[in-house]
Amino acid sequence: MSHPLAPRVAAYLAAKMPHAADVSVEAMERISGGASRETYRFRATWQEDGKTHERKMILRRDPPASLIETERRVEFEAYRAFFGSAVPVPEMLWLEEDEAHLDHPFFIAAEVAGFQASPQTLFAGGYDAVLETVAERKWTILGEIARADPRETGLPAVLEAPALDACWKRELDYWEGMIDRDEAEPMPIVRAAIRWLRANPPPPAQKLSVVHGDYRTGNFLYDEAGEIHGVLDWEMAHLGDPLEDLAWGLNPVWEFGRGLAGGLIDQSKAVAIWERASGLKADPKALHWWILFNCVKGQGIWVGSAGAFNRGGNREPIMIYPAWWLLNAQDRAILKVMGKL
């Protein structure tokens, strides 16, 4: 049975490919996970130049409500900025902000097929021999993102460029605001962390970088040799302090209970790989500030997810799962980073 969206997507593709005929969309299915947008994979086929063409594609459609509020144009342009570079990303095909086509804005990308993204699969035993290879690639790629000149990516056209000494405050103000809006009950641990962060600000960023915003194990596609073929989920991309991205990957909740950075290698090794690839230095005190900040950011996301569920805008199970799984774990991570646990 065809997915209800399939004929509408086929009609959209036909309009975007005027030289194509008999456009059809097959094997359309929603991919589980991905709480920020609805994600579907499908196979498009069409006739052109006397030949049958086929391509696997991904549809990312805005949901009725999300755990984070982001601009799909930012995500689309961030992918495009790095396509063909040392940072592997899928090719972006079309961005559509008119809700008339599929009820919500969306974009369509080429699928990078045949690889894994799940941390649970990565840590189930079958990939133990390549975990260090994955780690080397993971933090090397993050270093490449930090090294990139934002002006050459074109992203300053769609992203605000803060002053170097204002990066930290802009991010902390934003995520504290999200917690103010969405918390369902008092959160004394995260409030203590926010007070400490404001009383002990980090030094100005050493450069302005593209910040992926959610670069962690689980948001890249890997294979059995440990190679990474695609960095995903750029919806929180922005310009800021490159240490912010490194620190998000060092948030203790992404250790997956293995006591290792990203569940992969010692934190010192991860930082050394990132420094070598980025050409930057990770000042330990500044990095500590950003790790604690990312614990606050994490709580902002988790309470936001619960808030969207509680307000009734989106009752998908994926919306309540992050809050159920991570709120207490994130509090424990805050206490650990603050030296209180």
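Visitor: How do you know that residues 24 or more positions apart account for much of the contacts in the protein?

Guide: In this predicted model, contacts with a separation of 6 or more were counted, and residues 24 or more positions apart account for 71% of them.

Visitor: What makes the radius of gyration of the protein agree with that of a compact globule?

Guide: For 341 residues, the rule for a compact globule gives a value near 20 Å, and the protein has 20 Å, so the two agree. Along the principal axes, the C-alpha atoms fill a box of roughly 65 × 45 × 45 Å. Of the 341 residues, 55% are buried.

Visitor: What makes up the secondary structure, and which domains does the assignment give?

Guide: The secondary structure comes to eleven helices and nine strands. According to the domain assignment, domain 1 covers 9–15 + 22–110, and domain 2 covers 119–338. The centres of the two domains, taken over C-alpha atoms, are separated by 25 Å.

Visitor: Why are the buried residues of helix 1 said to lie on the same side?

Guide: Helix 1 spans residues 6–16, and its buried residues are Ala6, Val9, Ala10, Tyr12 and Leu13. They cover an arc of only 160 degrees around the axis, and therefore they lie on the same side of helix 1. The face turned away from that buried side carries the exposed residues Pro7 and Ala15. The buried residues of helix 1 pack against strand 1 (21–30), strand 2, strand 3, strand 4 (92–96) and strand 5.

Visitor: Why are strand 2 and strand 3 called paired strands?

Guide: Pairing requires at least two bridges, and eleven join strand 2 (residues 38–48) to strand 3 (residues 51–61), so the two count as paired; they run antiparallel. Alanine 44 has arginine 55 in strand 3 as its bridge partner. Strand 3 is also joined to strand 5 (residues 106–110) by five bridges, again in an antiparallel arrangement. There, leucine 59 stands opposite isoleucine 108 in strand 5.

Visitor: Why is aspartate 49 called exposed?

Guide: The cut-off for exposed is over 50% relative accessible area; aspartate 49 has 70% relative accessibility, and therefore it counts as exposed. Aspartate 49 lies in the loop between strand 2 and strand 3, in the turn of a hairpin with two residues between the strands.

Visitor: What makes the phi of aspartate 49 worth noting?

Guide: Most residues other than glycine have a negative phi. Aspartate 49, a residue other than glycine, has a positive value near 55 degrees. Aspartate 233 also has a positive phi, near 55 degrees.

Visitor: Is aspartate 233 buried or exposed, and how do you know?

Guide: Buried means under 20% relative accessible area; aspartate 233 has 17%, so it is buried. Its place is in the loop between strand 8 and strand 9.

Visitor: How do you know that strand 7 and strand 8 are paired?

Guide: Three bridges join strand 7 (residues 220–222) to strand 8 (residues 228–231), and at least two are needed, so the strands pair; they run antiparallel. Leucine 221 stands opposite glycine 230 in strand 8. This hairpin has five residues between its strands, and glycine 226 takes a positive phi near 90 degrees.

Visitor: How do you know that the span of helix 6 agrees with its number of residues?

Guide: Helix 6 has 16 residues, 167–182, which should span 22 Å at 1.5 Å a residue; the end C-alpha atoms are 23 Å apart, so the span agrees. The buried residues of helix 6 include Trp168, Leu172, Trp175 and Ile179. The buried residues of helix 6 pack against helix 7 (188–199), strand 9 (238–240), helix 8 (242–249) and helix 10 (284–310).

Visitor: Why is helix 10 called largely enclosed?

Guide: Of its 27 residues, 23 are buried, and therefore helix 10 is largely enclosed by the rest of the structure. Just after helix 10, glycine 312 takes a positive phi of about 85 degrees.

Technical notes:
Residues are numbered from 1 along each chain as its sequence is written. This is a predicted model: local features need pLDDT of at least 70, side-chain atom pairs count only at pLDDT 80 or more; totals for chains, interfaces and linings use all residues. Side-chain values use heavy atoms; hydrogens and water are left out. Domain bounds come from an automatic or database domain assignment. Helices (H or I, at least four residues) and strands (E, at least two) are DSSP runs, numbered from the N terminus. The expected span of a helix is 1.5 Å times one less than its number of residues. Buried means under 20% relative accessible area, exposed over 50%, partly exposed in between (1.4 Å probe, protein chains only). Contact means heavy atoms within 4.5 Å. The arc is that of the directions from the helix axis to the C-beta atoms. The radius of gyration is taken over C-alpha atoms; the globule rule is 2.2 Å times the number of residues to the power 0.38.
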